[in-house]
Amino acid sequence: MPVEKLSYAIDDQDRLIRVDDGYYRFAEENGWDGAGDSLGRSLWDFVAGHEVRKLQRLLLRRVREGVRGVELPFRCDGPEVSREMEIKIAAGKSGRVVLFSARVRSEEPREEPQPLLDPSVPRDNDDFLPMCAWCDRFLVEGEWVEVEEAAKRLELFRRSEMPMLDHGICPECNATLLAA
Ligand SMILES: [Zn+2]
């Protein structure tokens with residue numbers, strides 16, 4: 001039976017300090033190399049793609065410093081299946097240790113294996129996501145919002161292609177900088 005749930009936790013250095021049984025079985029099912037010695041390794045060793053990494057780092061910082069917890073849909077395809085998942089990210093009291101728990105919402109076989117979020121996969125370069133380089137907010141539907149809100153509204157982690165981040169400055173930061 002396919003794995004339905006998994007969880008893992010990282011310390012203040014973003015190193016994996018706890019992974020559950022579901023994690024190992026999921027890794028095996030999906031042919032992740034080297035998952036057996038995940039403990040102690042950096043979470044970022046397992047995240048492919050510059051933009052994805054950047055967004056996830058921002059999200060993690062927001063969880064640690066502000067919102068404490070967030071729940072998001074994301075795609076995590078296996079070699080032969082397309083898979084919709086949901087992940088909960090929650091910070092411990094100190095905000096240093098962060099727990100991730102993911103569950104599979106649906107899984108369907110797919111015809112052609114296609115690497116998800118692989119940076120070498122060609123993408124639609126017209127797809128830009130404006131981001132303020134000062135406050136790290138994103139312009140979504142005419143509104144500047146925090147990363148977790150942008151991820152929710154645009155379902156960023158569900159996409160097979162990430163938009164390119166277009167660094168600029170939001171009107172609020174622009175006003176602050178002009179006044180300084
Ligand atoms: Zn700004």
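User: Is Asp11 buried, partly exposed or exposed, and at what relative accessibility?

Analyst: The model is a predicted one. Asp11 is found in the loop between strand S1 (5–10) and strand S2 (16–19). Buried means under 20% relative accessible area. Because its relative accessibility is 12%, Asp11 counts as buried.

User: Which backbone atom does the side chain of Asp11 reach, and at what distance?

Analyst: Asp11 touches Ile17, Arg64, Arg96 and Val97, not counting residues up to four places away in sequence. Its polar contact is judged by a pair of N or O atoms within 3.5 Å. The side chain of Asp11 meets this with the backbone nitrogen of Arg15, at 2.9 Å.

User: What is the value of phi for Asp14, and where is this residue found?

Analyst: Most residues other than glycine have a negative phi. Asp14 is found in the loop between S1 and S2, and it counts as buried because its relative accessible area is 10%. Its phi is positive although the residue is not glycine, with a value near 65°.

User: Which residues coordinate the zinc ion, and with what spacing along the chain?

Analyst: The zinc ion is coordinated through SG atoms at 2.2 to 2.3 Å, the residues being Cys132, Cys135, Cys170 and Cys173. Of these, Cys170 and Cys173 are buried. Along the chain the donors follow the spacing C-x2-C-x34-C-x2-C.

User: What is the arrangement of the four donor atoms around the zinc ion?

Analyst: Four donors count as tetrahedral if all angles lie between 85 and 135 degrees. Around the zinc ion the four donor atoms subtend angles of 104 to 113°, and therefore the arrangement is tetrahedral.

User: How many salt bridges are there by the rule applied?

Analyst: Side chains of opposite charge can pair when their charged atoms come close. The rule asks for a side-chain nitrogen of Lys or Arg within 4 Å of a carboxyl oxygen of Asp or Glu. By this rule the number of salt bridges is 19.

User: How many residues apart are Glu29 and Arg83, which form a salt bridge?

Analyst: The closest N and O atoms of Glu29 and Arg83 are 3.8 Å apart. This pair links distant parts of the chain, with Glu29 in helix H1 (residues 21–29) and Arg83 in strand S4 (residues 81–91), and the separation is 54 residues.

User: What is the N to O distance in the salt bridge of Asp77 and Arg75?

Analyst: Asp77 counts as buried because its relative accessibility is 13%. Arg75 is likewise buried, with a relative accessible area of 18%. Their side chains meet in a salt bridge with an N to O distance of 2.8 Å.

User: Which residues are linked with Arg153 in a network of salt bridges?

Analyst: The side chains of Arg153 and Glu141 meet in a salt bridge at 3.2 Å, N to O. Arg153 lies in helix H3 (residues 147–154) and Glu141 in the loop between strand S7 (138–140) and strand S8 (143–145), so the pair ties together parts 12 residues apart in sequence. Arg153 counts as partly exposed, at 30% relative accessibility. The residues linked with Arg153 in the network are Glu141, Glu143 and Glu149.

User: What is the value of phi for Glu141?

Analyst: Glu141 is exposed, with a relative accessible area of 64%. Although Glu141 is a residue other than glycine, its phi is positive, near 50°.

Note on methods: Residues numbered from 1 in each chain as written. Predicted model: local features only at pLDDT ≥ 70, side-chain atom pairs only at ≥ 80, totals over all residues. Heavy atoms only, no water. Donors = N, O, S within 2.8 Å, 3.2 Å for Na, K, Ca; no water. Tetrahedral: all angles 85-135°; square planar, octahedral: opposite > 155°, others 65-115°. Buried < 20%, exposed > 50% of the residue type's maximum accessible area, 1.4 Å probe, protein only. Helix = DSSP H or I, 4+ residues; strand = E, 2+ residues; numbered from the N terminus. Polar contact = N/O pair within 3.5 Å; in protein donor to acceptor, adjacent residues only side chain to side chain. Contact = heavy atoms within 4.5 Å.
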